[in-house]
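Please read them beside the model.

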Amino acid sequence: MRAFISILAVVLILFLIDSRLLPADFWRRLPVIEKSAGVLEKTVREVLAPVPLRTEKESPMSFLTRSGIIVWTNGERKTAELALLSENQKLNDAAVAKVQDMFAKQYFEHISPEGTAVGDLVEEVGYDYIAIGENLALGNFADDKELVKAWMESPGHRANILKPSYREIGVAARQGEFEGKTTWLAVQIFGRPRSDCQAEDESLKIKISANQMRLRQLESDLERLKIEIGSTRPRRGPEYSQKVEAYNALANDYNALAAETRTAIETYNSQVRLFNQCVVK
């Protein structure tokens with residue numbers, strides 16, 4: 001009888017050891033997985049595009065030029081004691097493309113029927129910017145001086161012309177058929193190149209992205225191993241220990257990579273914040 005009771009006690013102990021009544025970390029405490037490695041902040045860019053301007057009076061002798069528009073624009077900046085704008089060929093190309101598109105598709109808006117805006121136009125010609133502005137005008141203005149004067153009398157266009165942070169300008173002025181009559185379309189594009197502020201480290205951003213992809217894969221592997229460990233019976237022996245050891249090693253790799261990625265994100269975000277502070281100056 002005593003022998004039977006002893007055997008029964010051993011069986012009961014083994015059952016309890018293998019039972020789900022035991023805590024999950026009875027044999028080995030699994031590492032805590034730190035799933036949040038941080039969020040990348042974004043750089044900011046400015047785009048200013050006031051409501052397009054139509055002339056209120058038509059001149060039969062209207063004639064507009066790129067050089068004249070730039071001269072009179074810089075004259076207004078000089079009067080306001082602001083730095084003069086440098087003519088930029090890429091911005092000129094973007095302005096020409098805008099004028100041609102408006103004549104071809106018969107619209108007078110900052111955004112084309114296809115949804116193309118000034119930011120898209122300058123990117124297409126390879127101009128990388130921090131801030132961009134666009135002034136549009138339609139009508140037979142007497143000359144370049146009258147056109148710039150009309151823009152200066154409009155608060156939104158004046159703000160573009162006198163924005164202190166702009167460094168460069170591109171202009172296009174063309175005559176053509178619009179809404180059934182011969183008239184002029186003029187475009188000013190103002191720019192502050194991206195090189196004006198110290199850029200964030202793009203190689204660091206690429207590394208962070210690669211780390212995040214690896215972390216997602218490790219999370220998937222860890223979840224799979226966790227399920228395998230939970231379903232392994234008995235919870236002892238070489239097979240069980242091997243799976244737990246594999247989980248522990250993978251978890252340690254995950255946490256090390258997560259810590260590295262978090263540090264990289266903090267570094268990158270500090271660069272982004274410095275860049276954004278420069279943008280708003």
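**Pocket and helix notes**

1. Helix α5 gives the largest share of the lining of the largest pocket, 3 residues. Helices here are DSSP runs of H or I with at least four residues, and strands are runs of E with at least two, numbered from the N terminus. Strand β2 (53-54) and α5 each supply at least two residues of that lining.

2. This is a predicted model: local features need pLDDT of at least 70 and side-chain atom pairs pLDDT 80 or more, while totals for chains, interfaces and linings use all residues. Residues are numbered from 1 along each chain as its sequence is written, and side-chain values use heavy atoms, without hydrogens and water.

3. The lining of the largest pocket comprises 15 residues, and T55, E56, K57, F141 and A150 lie nearest its centre. By class, 4 lining residues are nonpolar, 4 polar and 7 charged.

4. Helix α2 (residues 66-79) has 14 residues and, at 1.5 Å a residue, should span 20 Å; its end C-alpha atoms are 20 Å apart, so the two values agree. The expected span is 1.5 Å times one less than the number of residues.

5. Which residues of α2 are buried? They are G68, I69, I70, T73, N74 and R77, where buried means under 20% relative accessible area with a 1.4 Å probe, protein chains only. These residues pack against β3 (86-87), α5 (144-152), α6 (155-161), β5 (168-178) and β6 (181-193), with contact taken as heavy atoms within 4.5 Å.

6. Just after α2, E81 takes a positive phi of about 60 degrees.

Methods:
Buried means under 20% relative accessible area, exposed over 50%, partly exposed in between (1.4 Å probe, protein chains only). On a 1 Å grid over the protein atoms alone, a cavity is a set of points where a 1.4 Å probe fits but cannot get out, and a pocket is an open set with protein on both sides within 12 Å along at least five of seven lines; lining residues have an atom within 4 Å of a point. Ala, Val, Leu, Ile, Met, Phe, Trp, Tyr, Cys and Pro count as nonpolar, Asp, Glu, Lys and Arg as charged, and the others, Gly among them, as polar.
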